[in-house]
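Me: I would like to go through the side-chain contacts and the pockets of this model. Could we take them one topic at a time?

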Amino acid sequence: MLKAVDEVGVIIGSVRAREKGDTLHIAKLMVLPERQGRGIGTQLLVAVEKACPKPRYELFTSNVSLKNLKLYEGLGYVRFKEEEMTPELKFVYMEKKARVFA
């Protein structure tokens, strides 16, 4: 788990992740609503990828979380599966494969 804190030590965001095989499963990426849109979520996601390097990263969000989808796609995540919860709500599973430099 990583957390973002402000200048006085108040937690303003966090992210959790767990390793399973060659994949890092990222969950619970959160930023306080009044602090959203300032790059904190991006910084947390990039930091957890760097802290736990794996060949593959996976996360999910809902189809109605348009800001989340835009953030993840902007950082190189691609959709690979959808799971319908209700006719209006789907879980969108996304993955990112790490770049390998020879």
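Me: How many salt bridges are there?
Reply: This is a predicted model, and the count for it comes to 8 salt bridges.

Me: Which residue does Arg35 meet in a salt bridge?
Reply: The side chain of Arg35 meets that of Asp6, at 3.4 Å from N to O. This pair links distant parts of the chain, 29 residues apart: Arg35 is in the loop between β3 and α1, and Asp6 is in the loop between β1 (2-5) and β2 (11-20).

Me: Is Asp6 buried or exposed?
Reply: Asp6 is buried, with a relative accessible area of 12%.

Me: And what about Arg56, where is its salt bridge?
Reply: Arg56 and Glu95 meet through their side chains at 2.7 Å, N to O.

Me: Which residues are linked in a network of salt bridges?
Reply: The network links Glu73, Arg79, Glu82 and Lys90. Within it, the side chains of Arg79 and Glu73 meet at 2.9 Å, N to O. Arg79 counts as partly exposed at 43% relative accessibility, and Glu73 is partly exposed as well, with a relative accessible area of 37%.

Me: Turning to the rings, how many aromatic pairs are there?
Reply: The count comes to 4 aromatic pairs. One of them joins Phe60 and Phe91, whose ring centres are 5.1 Å apart with the planes at 50 degrees, so the pair is tilted. Phe60 lies in strand β4 (residues 56-62) and Phe91 in strand β6 (residues 90-97), so this pair ties together parts that are 31 residues apart in sequence.

Me: Which residues form the aromatic cluster?
Reply: Phe60, Phe80, Phe91 and Tyr93 form one aromatic cluster. Two of these rings also have a charged side chain over them: Arg56 lies over the face of Phe80, at 5.3 Å from the ring centre, and the charged end of Lys81 sits over the ring of Tyr93, 4.4 Å from its centre.

Me: Now the largest pocket. How much space lies in it?
Reply: The space in the largest pocket is about 440 Å³. Its lining has 16 residues, and the closest to the pocket centre are Gln36, Gly37, Lys67, Asn68 and Leu71.

Me: Which element gives the most to the lining?
Reply: Helix α2 gives the most, with 5 residues. Each of β3 (23-31), α1 (40-51) and α2 (66-74) supplies at least two residues. By type, the lining divides into 6 nonpolar, 6 polar and 4 charged residues.

How values were computed:
Residues numbered from 1 in each chain as written. Predicted model: local features only at pLDDT ≥ 70, side-chain atom pairs only at ≥ 80, totals over all residues. Heavy atoms only, no water. Phe/Tyr/Trp six-rings, centres within 6.5 Å; stacked < 30°, edge-to-face > 60°. Helix = DSSP H or I, 4+ residues; strand = E, 2+ residues; numbered from the N terminus. Lys NZ or Arg CZ within 6 Å of the ring centre and 35° of its normal. 1 Å grid on protein atoms, 1.4 Å probe; cavity = no way out; pocket = protein on both sides within 12 Å on 5 of 7 lines; lining within 4 Å. Points joined across faces, edges and corners; volume = space filled by probe spheres on them. Nonpolar A, V, L, I, M, F, W, Y, C, P; charged D, E, K, R; others polar. Salt bridge = Lys/Arg side-chain N within 4 Å of Asp/Glu carboxyl O. Buried < 20%, exposed > 50% of the residue type's maximum accessible area, 1.4 Å probe, protein only.
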